[in-house]
Amino acid sequence: MHIHILGICGTFMGGLAVLAKEAGHTVTGCDANVYPPMSTQLEAQGITLTQGFGAEQIALEPDLYVVGNVVSRGNPLMEEILNRGLPYVSGPQWMGDHILRHKWVLAVAGTHGKTTTSAMLTWILEYAGYAPGFLIGGVPLNFGISARLQGNHASDFFVIEADEYDTAFFDKRSKFVHYHAKTAILNNLEYDHADIFPDVGAIETQFHHLVRTVPGVGRLIVNGQNASLQRVLQRGCWSEKEFFGNEQEWRIVLKDGEDFEVFFNDECQGTVQWQLNGEHNRQNALAAIAAARHVGVKPEIAIEALAQFVNVKRRMEVRGVENGITVIDDFAHHPTAVATTVAGLRRKVGNARILAVLEPRSNTMKLGTMKQALPGSLAEADLVFGFGAHEGKDALGWDLAETLAPLGNKLATFSVIPELVEAIVRQARPGDYVLIMSNGGFGGVHQKLLDVLKARAQAEVAAA
């Protein structure tokens, strides 16, 4: 089958393209912005890319058009497809029908932690010899890729990050209803995606739809501390279920540093000794261990695997150290994620200074829906540098300085990257941790900061 993918450079659709190619399909695609690194990765797979959504791409004559959720009515290619009555389908539905239909699908859903938990679960299965396929919204550093059909041998298992965002302009259900999950992690649930959901109740409805798709022989791994998930289950549950969290079937006991014991039904399964930090990551690990057990991986094997887990690119990723100043990149953007990320780093570094740099760039944050929670989420940082563009597609619809004013004199706000970098460099000193949080590229601020810090250190040496 020849498929032509509209919106191919998004993380999900790019991963879908790789999987389709591995499965033997001919794959071409287009997007508004075809550029590295995604374009390079796709072209290396032999996938031909076209810049833009011109109607002339009809001449490719694919068997099917696979449509990503970046495509809306008015898109020239989509209009031509509709006018000619050509076959099309959403990306998630194609994924469900052609890749996942005959797999044991382990789906990881939740407002926070989907990518990290999916990566943990995939690595546990890999370590246990299951050679799973996977599609994850980030790059697990244990694998170096975000998607594959299977490992070094045929596998019945597939791990997928189960996003609650909508499917396509013609299908407003969440993506995850298409995935045929047999094991589903419900990691947490709170309000997000204000551009498509009016309130948390609307998101709970979508999670309930996910629960409805899990078979009776399937299993839900549920955060027992989350009120929204309790409401989801109260609307009906037809599968096995296990709970994790404080005083649940699955729970942890914190040991020295970031190590922790894992208990299931009050029996200790072993101690996780690993590189990660933060309560959120401990709960992510607990969910992954529980889900892996459903497919036959003993908890003690999962615990061994986590000792070798290296996290996901852009999750507390150290981008470099210059003159004793550590620059860290993290995907956090929702206030809850920001708070847990800062708290996790604080626990790790003790009294060292944390310079938090935040770009509230997601659609929800640009709308200002949860802006009032931001000052509290940054409270544990020593200095805060806020960034918000005044114009363009990433412009904020609210006043950043006014919103973050409760942070007092430890706050500075900027709308231009060079000024932001210069301000951080003026304040940073050896031993500091610069924590940069954004769900976008942030104008390459990480490398720019490292370059300026290096130049400053070299200048100081030369002047000495």
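His294 is found in helix α8, which spans residues 279-294 (helices are DSSP runs of H or I with at least four residues, strands are runs of E with at least two, and both are numbered from the N terminus). The model is a predicted one, in which local features need pLDDT of at least 70 and side-chain atom pairs count only at pLDDT 80 or more, while totals for chains, interfaces and linings use all residues. Residues are numbered from 1 along each chain as its sequence is written, and side-chain values use heavy atoms, with hydrogens and water left out.

With a relative accessible area of 12%, His294 is buried (buried means under 20% relative accessible area, exposed over 50%, and partly exposed in between, with a 1.4 Å probe and protein chains only). Leaving aside neighbours within four places in sequence, His294 is in contact with Trp104, Lys182, Thr183, Val217, Gly218, Arg219 and Glu240, where contact means heavy atoms within 4.5 Å. The side chains of His294 and Thr183 make a polar contact of 2.7 Å (a pair of N or O atoms within 3.5 Å; within protein, one must be able to donate a hydrogen and the other to accept it, and residues adjacent in sequence count only if both atoms are side-chain atoms).

Thr183 itself is found in strand β12, residues 181-186, and is buried, with a relative accessible area of 0%. The side chain of Thr183 also has a polar contact of 2.9 Å with the side chain of Trp104. Not counting residues up to four places away in sequence, Thr183 touches several residues, among them Val105, Leu106, Ala107, Ala291 and Val295.

Arg346 lies in helix α10 and is buried, with a relative accessible area of 15%. The side chain of Arg346 reaches the backbone oxygen of Ala352 at 2.6 Å, and, when residues up to four places away in sequence are not counted, Arg346 touches Asn351, Ala352, Ile354, Glu380 and Asp382.

In helix α14, residues 417-427, the buried residues include Ile417, Leu420, Val421, Ala423, Ile424 and Val425. What covers the buried residues of α14 includes the strands β20 (354-358), β21 (383-387), β22 (411-414) and β23 (433-437), together with helix α15 (445-463).

## Cysteines

The structure holds 0 disulfides, a disulfide being a pair of cysteine sulfur atoms within 2.5 Å. Cys30 is in no disulfide, and the nearest cysteine sulfur, that of Cys9, is 9.1 Å away. Cys30 is buried, with a relative accessible area of 0%, whereas Cys237 counts as partly exposed at 23% relative accessibility.

## Pocket and cavity

The second largest pocket has a volume of about 270 Å³. On a 1 Å grid over the protein atoms alone, a pocket is an open set of points with protein on both sides within 12 Å along at least five of seven lines, a cavity is a set where a 1.4 Å probe fits but cannot get out, and lining residues have an atom within 4 Å of a point. Grid points are joined across faces, edges and corners, and a volume is the space filled by probe spheres set on the points. Of the 17 residues that line this pocket, the closest to its centre are Gln275, Asn311, Arg315, Met316 and Lys348.

A search of the whole structure finds 1 cavity of 30 Å³ or more, and about 40 Å³ of space lies in the largest cavity. The residues that line the largest cavity are Glu359, Pro360, Arg361, Phe387, Gly388, Ala389, Asp394 and Leu396.
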